[in-house]
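The sequence and structure follow.

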Amino acid sequence: MFFKQKFLKIIIILFFTISIDQLSKSIAYKELFLKDNIFYINEFLSLTPVWNKGISFGMFQDFGDYGRFTFTIIAFIISVWLIWSSINLQRLSSIGYILIAGGALGNATDRIIYGKVIDFIDFHYLDMHWPVFNFADTFIFIGVSLFLYNEFFLSKAKKKNDYKIIFKF
């Protein structure tokens, strides 16, 4: 019963993660890419259409179809491993793994549909721009942050408390 409940939670988080990512990209595609628009929200944030043929921060842009297929296959393999591994992790680490998998699957979906990833969130100050990204990238970042926070702070504190209990005289 525990496995079924945990698996259902995993599916729900994955569904919402991928849905939010794909819905936002669908809107961005229609409003930004097809119309060649840029929406300036304020002096630090705009919605700017950028095709990303590579991976994070636009690395490996020149790998062509080889990169497209390779990155997609790697994303699926790692996502399956993350989803499966999340079953035995503590809550925050588990959620982190699922968010990473959902983000990776969202970007892999773009590679399958368009041959490249839709990026559109552009943080900037004057002429200095952070690499343009999307919600899948945001979910990956949040997932990594949750995992690291749990592993370095919460798990460490728990291990320290367990140690005190075991060796209490």
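## Second largest pocket

Helix 1 (2-33) and helix 3 each supply at least two residues of the lining of the second largest pocket; helices are DSSP runs of H or I with at least four residues, and strands are E runs of at least two, numbered from the N terminus. Helix 1 gives the largest share of this lining, six residues. The lining consists of Phe-2, Gln-5, Lys-6, Lys-9, Ile-10, Ile-13, Leu-89, Arg-91, Ser-94, Ile-95 and Ile-98. By class, six of these residues are nonpolar, two polar and three charged. The space in this pocket is about 230 Å³.

A pocket is an open set of points on a 1 Å grid where a 1.4 Å probe fits, with protein on both sides within 12 Å along at least five of seven lines; lining residues have an atom within 4 Å of a point.

## Basis of the model

The model is predicted: local features need pLDDT of at least 70, side-chain atom pairs count only at pLDDT 80 or more, and totals for chains, interfaces and linings use all residues. Residues are numbered from 1 along each chain as its sequence is written, and side-chain values use heavy atoms, without hydrogens and water.

## Largest pocket

The largest pocket holds about 810 Å³ of space. Of its 29 lining residues, Ile-55, Ser-56, Asn-107, Asp-137 and Ile-140 are the closest to its centre. The lining divides into 19 nonpolar, seven polar and three charged residues.

Phe-15 is found in helix 1.

Conventions: Points joined across faces, edges and corners; volume = space filled by probe spheres on them. Nonpolar A, V, L, I, M, F, W, Y, C, P; charged D, E, K, R; others polar.
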